[in-house]
Amino acid sequence: MSFDYVGFAIAFTTVYGIYSMLGVSLNLEYGYAGQPNFGQVLFYAIGAYVAGTIAANLLPMLAGVATGNICDVSSLVQREAIAIADPVISVSVWVLALIFSMAAGGIIGLVVSYPALRVKEEWFLSMILLVAGEMFRIFVQNTQQVGCGFNGLAGIVNPLNWIEKYFPGSQVLQAEVPSGLYAGIVLALAIACFLIAQRIGNSPYGRLLKSIRDDKVASESLGKDVSKVRKQIMIIGSIMAGLAGALYVYYIGTAVTDDYIPAVTFSIWVMMILGGYANNRGLLVGAFVITMLDRGSLVLGVLMEGWFPNFNPSLLIYARYMVESVVLILLLVFRQKGLFPETRIKTKAYTLFDFGASKAQGKKEPVTESLTEGSKQGEVQSNQVATDSSLVDSDTSGGSSRTK
Amino acid sequence: MSDEDSILALEGISRSFGGVRAVDGVSLSIKRGSIAGLIGPNGSGKSTLFNIISGVEKKNSGSIAFQGVRLDNLSPHKRFALGLGRTFQTPRLFTGMTVLENTMTGGKGQKGESPFNAPFPGRWEPQEMEIAKQAKSQMTSLEIEKLFGSHSNEISGGQMKLLQLSTVLMGRPKLLLLDEPTAGVAPRLAQDIFQSISQERVENATTFFIIEHRLQVLFRHVDTVFVMHQGRIIASGKPDEIVKKQNVIDAYLGS
């Protein structure tokens, strides 16, 4: 069996884009603002189901045909036909689906932030969100009226599938051009989320978020409205996660509850811990590794099945989670701060300061070195303090010896 | 003292933890532009009183008026906005940030602290530079400017105290509550901290209310001293009068 490189690249790009978005969202919530969201999958699932439901209802409505039961196979075939026949309806429904998914994500983010702000310990919040995500999944799984229950909501096709009619000669191009373009859009939106996160992070708002993460009481007594900011960042993160869910359901074509298990949240956490908290660039590397594991295990499973007819590909698919767990344990033991430690908040404020002068004192600009350099600095300082106190024994030695 | 002169007026403040009355009917008034000290043995309720004034802890009864405005149950961030700043006994810093970033966090009314403005540097960069300049001169006057790029958990304990002071001074508070600003600090640095406090009072007309165990250095700089014992103010007055009072000596000697 030959390996479909183009198909792999397209799938990889799409999944990478979606994972990066989820990762950037969690990084804003936890890496910057210290909100341990263990229910990231909830917002992802809500985005997916909102987008799926909107697509299934709006496509026939706008095309002027009876909607019927969106879970029926006939309805599914009808949707696919409309999506291919009418570019305008197809794309506009998709855009609406994305907007509503983001809105739904944001609203749920706001709703969950209310109990979240009332719990003293942040870890209670993580438990609440973990449970909320599972409750949503189990509720949908057992409710035929929401997302067609256990069977899932199928027939949510690529909004660009109508392009296939411009390639009547080639089945390969008919499949790869729309999905390739879609992958490009996903990647572009992921880059947009990344850039927004970078800009938010490298601004006074980034400082505000980190101040809340590091010490809420101190932040509050420096005039920061901690509750408001915690609410804001949950909304921003959830909007991004909702968008990722909508893009995913349009990519995979079906909204099924099995795609929204807690293990998804776990993967996002691993990519954030791997890349480094509050480091968006590092997060992109973490997302790359996790996408590699995700796609790699899938592809390798299929390949192995071709080579060894009795091989069960599920073995590899589940091995992915084991590898993730091992990576997580190794990180927590050997590199708690991730591969790329937190960086400075890069605003123009630093232009007033002379990095050259600090270098001469034995400090260097690269953050990776600041830990060791900083402790050297600390040693020098404490030595000096020790000398001072031995020289000046009491307060009565008169006046300040400070020179200005 | 008339109301005009008083920046902070406490009336019958009480706070109990379980059966213990940590603060028991404290009434006092701080004169605008003065430096007031709050002393007393360990566990006498000084820090609890500061927590109540700054809003970190709730009071059971009593009233607080700051510049004539009743604070009651106003949240700490609103009190800071009114001009009431504080530091903590154990420095509470933002350890994931550098010395400069910590200091700049103290800046009041930053436009870039809104998520709607943050992605557009044009909206906040001019103000950011103003705050950076203020931070630089603040850090320079406290002699921590060379540490600007160090993470706040990599500096010495004394420098942490200075950084905390530098951060809260960025908000130009009208009244600053300092909880043991020189505890665990070398004697010379303690002198320097009080020197900075006196300077700040002259330059910006800031009023200070200071909990301190180093009485010698405190008494050299304060106008009024309040002595707290078992949740109550047992004496108040000028430093040289206070040291002569028998009940103060008893409280400190534990008889």
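**Notebook: salt bridges, a cavity and a sheet**

I searched the whole structure and found 19 salt bridges over all chains. I count a salt bridge where a side-chain nitrogen of Lys or Arg lies within 4 Å of a carboxyl oxygen of Asp or Glu. This is a predicted model, so I kept local features only at pLDDT of at least 70 and side-chain atom pairs only at pLDDT 80 or more, while totals for chains, interfaces and linings use all residues. Residues are numbered from 1 along each chain as its sequence is written, chains are lettered from A and ligands numbered from 1 in the order in which they are written, and side-chain values use heavy atoms, with hydrogens and water left out.

**Entry: a pair within chain A**

I looked up A:Glu342 and found a salt bridge with A:Lys210, with the closest N and O atoms 2.8 Å apart. A:Glu342 sits in the loop between helix H12 (314–334) and helix H13 (355–360) of chain A, and A:Lys210 in helix H7 (residues 204–214) of chain A, so the pair ties together parts 132 residues apart in sequence. My helices (H or I, at least four residues) and strands (E, at least two) are DSSP runs, numbered from the N terminus. Both A:Glu342 and A:Lys210 are buried; I use buried for under 20% relative accessible area, exposed for over 50% and partly exposed for in between (1.4 Å probe, protein chains only).

**Entry: a pair across chains**

Which residue does A:Asp215 pair with in a salt bridge? I found B:Arg92, the closest N and O atoms being 2.7 Å apart. A:Asp215 is in the loop between H7 and helix H8 (216–221) of chain A, and B:Arg92 is in the loop between strand E6 (84–86) and helix H3 (99–105) of chain B, so this pair joins two chains. I noted A:Asp215 as buried, at 9% relative accessible area, and B:Arg92 as partly exposed, at 32%.

**Entry: a pair within chain B, then a network**

B:Asp24 forms a salt bridge with B:Arg21, the closest N and O atoms being 3.3 Å apart. B:Asp24 counts as buried at 15% relative accessibility, whereas B:Arg21 is partly exposed at 45%. I also saw that salt bridges with shared partners join A:Lys210, A:Arg213, A:Asp214 and A:Glu342 into one network.

**Entry: the largest cavity**

I took a cavity to be a set of points, on a 1 Å grid over the protein atoms alone, where a 1.4 Å probe fits but cannot get out; lining residues have an atom within 4 Å of a point. My search found six cavities of 30 Å³ or more. The largest has a volume of about 110 Å³, where volume is the space filled by probe spheres set on the points, and grid points are joined across faces, edges and corners.

Its lining has 13 residues, and B:Arg92 is among those nearest the centre, together with A:Ala218, A:Leu222, B:Gln164 and B:Thr167. H8 of chain A and helix H5 (157–169) of chain B each supply at least two lining residues, and H5(B) gives the most, with three.

**Entry: a sheet in chain B**

I found four strands of chain B in an open sheet, in the order E2-E1-E4-E5, with antiparallel pairing. Strand E2 (20–31) and strand E5 (69–70) stand at the edges with a single partner strand each, so one side of each has no neighbour in the sheet. Two strands pair if DSSP finds at least two bridges between them. Five bridges join strand E1 (residues 6–17) to strand E4 (residues 61–66) of chain B. I looked up B:Leu8 too: its bridge partner in E4(B) is B:Phe66.

Note on methods:
On a 1 Å grid over the protein atoms alone, a cavity is a set of points where a 1.4 Å probe fits but cannot get out, and a pocket is an open set with protein on both sides within 12 Å along at least five of seven lines; lining residues have an atom within 4 Å of a point.
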